[in-house]
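Student: Could you walk me through this model, starting with its loops and then moving on to the ligand?

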Amino acid sequence: MASQNPIAPSPAAGIYGGSVFANVVQAPEDPILGVTVAYNKDPSPVKVNLGVGAYRTEEGKPLVLNVVRRAEQLLVNDPSRVKEYLPITGLADFNKLSAKLIFGADSPAIQENRVATVQCLSGTGSLRVGGEFLARHYHERTIYIPQPTWGNHPKVFTLAGLSVKTYRYYDPTTRGLNFEGLLADLSAAPPGAIVLLHACAHNPTGVDPTLDQWEQIRLLMRSKGLLPFFDSAYQGFASGNLDADAQSVRMFVADGGECLTAQSYAKNMGLYGERVGALSIVCKSADVATRVESQLKLVIRPMYSNPPIHGASIVATILKDRELYHEWTIELKAMADRIINMRQQLFDALRARGTPGDWSHIIKQIGMFTFTGLNTEQVTFMTKEYHIYMTSDGRISMAGLSSKTVPHLVDAIHAAVTRMK
Ligand code: PLA
């Protein structure tokens, strides 16, 4: 009977000093989300978190959009709503409306039913599902990502089964786009290679190609048969205008060619923790799109079966109602404007302080982040001495800054650049 004792130690336990997991090593914190972990542990009353890209109000508080609260109220008050499983591909309305939002209401690809859209777990989940689909069904397994890029990109695509290479993107000397390097690297890529493009508000650099440069990128990519995979995590957050921020994607769809797009509603609707996003694959024909969708289901079903219902219902409620949609665009513009205003305030304050250096990139860069040019040593100093939390590459989230915290940040930057070069 003793051998059947359910709480008897497993045979391996002794070997590993009591736990079968005793040889598991401590993993490092995530380079971005780990900044919040460190920030939360700091008891200092002056601490500021400029790490993760999460919007804060002037009072430093997280923001739930009024239009989101209204949509949630409508959902709660609707007794016909149930908690059944969604289909594997998610909420049908949400998928249609998401495709319209990124490609434009009059997009021929949508009208011709050439787009396969599936609801996924925010931007990250959409990238992962797209990556896994490509690894299974696309002939070229190499994906080129910009250098630098969002730190999770290489991990997502490697684990999806793709081989990750980089193309030149940012020039630290000009703090702008390395356009020549970008064109040279994409020209040298094997025909058919996948290319990850940030639709707007490039993370972490805040540097986007101009429309003219996008057109040259498009011509080069189409001539070489390179497959565009757009990451659209900041639509509306860059300029404050949803259509303007989708222009890069729409240029590639307008030429009739194929592409993938991962959309996130984390930032533009403030739905971070609801994990709501979409993957769209634009195909040459409706017939191909139908087959692509059937294969996307085979990727999703064993991964998480089907997506959550709440966030997608909020988005669909807002996108399908003219008045709610309008209210959303106003709130979105207010968030984008506050970020642009913080750029100006930070730039003005550094100039007024006489902090050495040309800080004009702060007002030239686009979107949620400023790529300050501060080095790891300076960042460590600012965190230790001033309790300013940011990623070690010198990126700061402008959305985490407010008029009240600008002077403290300027003190920290001034001390960092004057004391350590
Ligand atoms: N793509 C890019 C370019 C991003 O910057 C982010 C989020 C995502 C995708 C994924 O977002 P989602 O899955 O939440 O929709 N980047 C954040 C957060 C804002 C993070 O690292 O997870 C950042 O601070 O860089």
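Tutor: We can start with Pro204, which lies in the loop between strand S7 (194-198) and helix H8 (211-224); helices (H or I, at least four residues) and strands (E, at least two) are DSSP runs, numbered from the N terminus. Please keep in mind that this is a predicted model, in which local features need pLDDT of at least 70 and side-chain atom pairs count only at pLDDT 80 or more, while totals for chains, interfaces and linings use all residues. Residues are numbered from 1 along each chain as its sequence is written, and side-chain values use heavy atoms, with hydrogens and water left out.

Student: Okay, and is the peptide bond from Asn203 to Pro204 cis or trans?

Tutor: The bond from Asn203 to Pro204 is cis, and its omega is near 10°.

Student: What kind of peptide bond joins Gln147 and Pro148, then?

Tutor: Gln147 and Pro148 are joined by a cis peptide bond as well, with omega about 0°, and Pro148 sits in the loop between strand S3 (142-147) and helix H6 (153-160).

Student: Switching to Ser122, is its phi positive or negative?

Tutor: Ser122 has a positive phi, about 55°, although this residue is not a glycine, and Ser122 belongs to helix H5.

Student: Which side chains have polar atoms by the ligand's oxygen atoms?

Tutor: Counting a polar contact as a pair of N or O atoms within 3.5 Å, Ser264 has a side-chain N or O atom 2.6 Å from an oxygen atom of the ligand. For Tyr234, a polar side-chain atom lies 2.7 Å from a ligand oxygen, and for Trp150 the distance from a side-chain N or O atom to an oxygen of the ligand is 2.9 Å.

Definitions and conventions
Polar contact = N/O pair within 3.5 Å; in protein donor to acceptor, adjacent residues only side chain to side chain.
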